[in-house]
Amino acid sequence: MKAAQSSRRGFLVRGVGAGLAGLASARAPFAGAEAAPAAAGEWRNWSGNQRARPAAIHYPESEAALRRLVAQATGPLRAFGGSHSFSALVPSAGTLVSVERLAGLLAHDGATLRATLAAGTRLAQAGELLAAAGQNLENEPDINLQSLAGATATATHGTGRTLQCLSGYVRGLRLVLPDGELVECSAVRDAELFEAARVGLGALGVLSAVTLQNRAAYALRERTVVMDFDAACAHVEARRDSVRHVEFFVFPHGGTALVKEMELTDPGADPGPQVAAPTFDENVALEFAAEAVRRAPWLKGPIQRLVGLFVAGGERSGPAHRIFPGQRTVAFNEMEYTVAAGHGIECLREVVATIRARDLGVFFPVEFRYVAADDTWLGPCAGRAGAAISVHQYHRQDHRELFAAVEPVFHRFAGRPHWGKLHTLAAPALAALYPRWDDFLAVRRRADPRGRLLNPYLRTLFGVRA
Ligand SMILES: Cc1cc2nc3c(=O)[nH]c(=O)nc-3n(C[C@H](O)[C@H](O)[C@H](O)COP(=O)(O)OP(=O)(O)OC[C@H]3O[C@@H](n4cnc5c(N)ncnc54)[C@H](O)[C@@H]3O)c2cc1C
């Protein structure tokens with residue numbers, strides 16, 4: 001198998017970058033472009049929209065140390081992983097704990113294709129470790145910097161009509177409860193705790209290990225192609241059932257879409273790294289495009305049309321864990337809702353029409369993915385196959401106008417929010433969306449009767465008074 005990466009793409013993107021540089025500003029365009037880094041003792045998330053100044057931040061080096069910390073910490077305690085959530089799941093004035101140092105492959109079984117990894121393992125590391133053991137995750141999200149604990153706690157997903165979110169493949173958990181007790185749970189052992197903790201939002205305990213059902217190591221071929229919006233909608237619907245992974249990125253003001261498909265391919269030869277780090281110029285082009293639209297919103301149409309013209313399609317192939325992840329180097333904030341798969345395109349069309357009708361200043365595309373139904377309690381695809389629709393706003397632009405405009409569309413389609421992304425729903429509305437909501441709350445109360453793992457945001461989600 002030959003690894004392939006469109007060389008035209010780099011060339012053309014460099015050209016767009018240079019052009020956009022001129023459009024955006026003649027002066028240093030990046031001054032202040034990055035969200036301010038966390039100060040000493042401060043925690044912040046990836047995009048910088050969430051910050052906290054906790055009393056303490058701990059990185060225990062063993063499960064025993066984690067148990068002692070959880071049992072002894074005074075005040076509220078919140079766990080964090082890769083800090084890639086946009087919602088306020090983590091911030092706390094109490095204690096923050098990361099299991100970052102609990103990382104690695106703990107056990108694997110070639111017959112069942114199951115593997116147990118320490119919960120702080122990032123998806124990127126998990127991919128390499130599993131591949132060395134002859135396994136790959138069934139599916140992956142579009143970046144791989146999340147921790148296994150964080151990704152499963154929020155039902156992180158990739159795309160694929162037959163493929164569930166990561167939590168759907170969780171077969172066992174090791175969880176440190178708020179009193180420091182270590183529990184191993186699964187579908188047959190402490191089953192209720194297990195079902196709740198599969199998508200637990202860090203509200204039931206601190207995960208130290210996760211057992212996953214995987215697939216024998218496989219290879220993927222990825223193809224990307226630019227189409228106009230209507231053609232892309234028809235294409236994606238037609239390909240939904242026949243391609244393992246299909247998704248698209250829609251540029252509402254440009255009328256175009258970048259369609260991406262990934263199919264199983266011959267794992268044969270060519271194990272080399274196929275994912276080239278984006279060139280400086282690609283990052284420059286993206287940042288300039290976003291920055292230009294921020295400064296001169298009328299440029300959104302021309303610039304999105306340029307993307308359609310110049311971001312050429314491409315093709316590459318290689319081991320699955322190296323093909324799944326992309327790079328997101330320009331920070332944004334994100335809202336995502338999952339609606340019933342059969343209404344996905346209809347909902348997307350309404351979202352796109354809303355952005356156009358209100359002439360909203362946004363450069364980033366709207367992303368559309370399919371996710372299979374699962375039996376988790378709080379996964380957005382609990383009991384129903386879904387279409388996940390994500391709206392992004394450049395981190396230096398206020399996202400509120402854009403998200404407030406599209407969120408009512410998602411509500412009309414009974415959309416369920418991504419737990420790690422921004423939304424405005426609270427307890428009563430959430431209860432109506434999840435058949436097992438009350439079961440989850442009951443398990444949470446049993447696991448954490450004193451509410452030590454709650455922060456103000458979780459209290460709002462769960463309807464728990466301070
Ligand atoms: C650039 C970017 C791309 C993304 N792409 C996708 C995508 O393709 N698909 C998708 O579905 N989502 C995506 N997301 C969202 C992301 O996957 C989720 O928000 C995920 O939760 C982040 O994982 P994390 O390790 O950073 O966890 P954090 O954000 O640090 O924490 C998330 C939750 O997990 C809990 N948690 C963390 N560690 C533990 C632990 N040890 N025990 C118990 N609970 C714990 C936290 O308390 C919190 O509730 C993306 C986010 C970004 C910024």
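Helix 5 and helix 13 are roughly perpendicular to each other. I looked up the numbers behind that. The two helices pack at an angle of about 110°. That angle falls in the range of 65 to 115 degrees, so it counts as roughly perpendicular. Their axes are 10 Å apart. Helix 5 covers residues 191–198, and helix 13 covers residues 437–447. I note that the model is predicted.

Next I asked which residues make this contact. From helix 5, they are E192, L193 and A196. Helix 13 brings F440, V443, R444 and A447. I then sorted the contact of helix 5 with helix 13 by class. Five residues are nonpolar and two are charged. No polar residue takes part.

**The whole protein**

The protein has 466 residues, and 50% of them are buried. I found 14 helices and 20 strands in the protein. Then I looked at contacts between residues at least 6 apart in sequence. Of these, 75% join residues at least 24 apart.

**Two positive phi values**

I looked up A155 first. Its phi is near 60°, a positive value in a residue other than glycine. A155 sits in the loop between helix 4 and strand 9 (170–176). Is A155 buried or exposed? I counted 28 other C-beta atoms within 10 Å of A155. Buried means 20 or more, so A155 is buried.

D359 came next. It is not a glycine either, yet D359 has a positive phi of about 55°. I found D359 in the loop between helix 10 (344–357) and strand 18 (366–371). Here the count is 11 other C-beta atoms within 10 Å. Exposed means 12 or fewer, so D359 is exposed.

**L360, in the loop between helix 10 and strand 18**

I moved on to L360, which is found in the loop between helix 10 and strand 18. L360 has 19 other C-beta atoms within 10 Å. A buried residue needs 20 or more, so L360 is partly exposed. What does L360 touch, not counting residues up to four places away in sequence? I listed I355, E401, L402 and A405. I also checked the distance from L360 to A405. Their C-alpha atoms are separated by 8.9 Å. Along the chain, L360 and A405 are 45 residues apart.

My last stop was T74. T74 lies in the loop between helix 2 (63–72) and strand 4. With 10 C-beta neighbours inside 10 Å, T74 counts as exposed. I then looked up T74 together with R452. They are 378 residues apart along the chain. The C-alpha atoms of T74 and R452 are separated by 8.8 Å.

How values were computed
Residues are numbered from 1 along each chain as its sequence is written. This is a predicted model: local features need pLDDT of at least 70, side-chain atom pairs count only at pLDDT 80 or more; totals for chains, interfaces and linings use all residues. Axes are lines fitted to C-alpha atoms, for helices over the stretch in contact, and angles run from 0 to 180 degrees between N-to-C directions. Helices (H or I, at least four residues) and strands (E, at least two) are DSSP runs, numbered from the N terminus. Angles under 35 degrees count as roughly parallel, over 145 as roughly antiparallel, 65 to 115 as roughly perpendicular and the rest as oblique. Two residues are in contact if their C-beta atoms, placed from the backbone, lie within 7 Å. Ala, Val, Leu, Ile, Met, Phe, Trp, Tyr, Cys and Pro count as nonpolar, Asp, Glu, Lys and Arg as charged, and the others, Gly among them, as polar.
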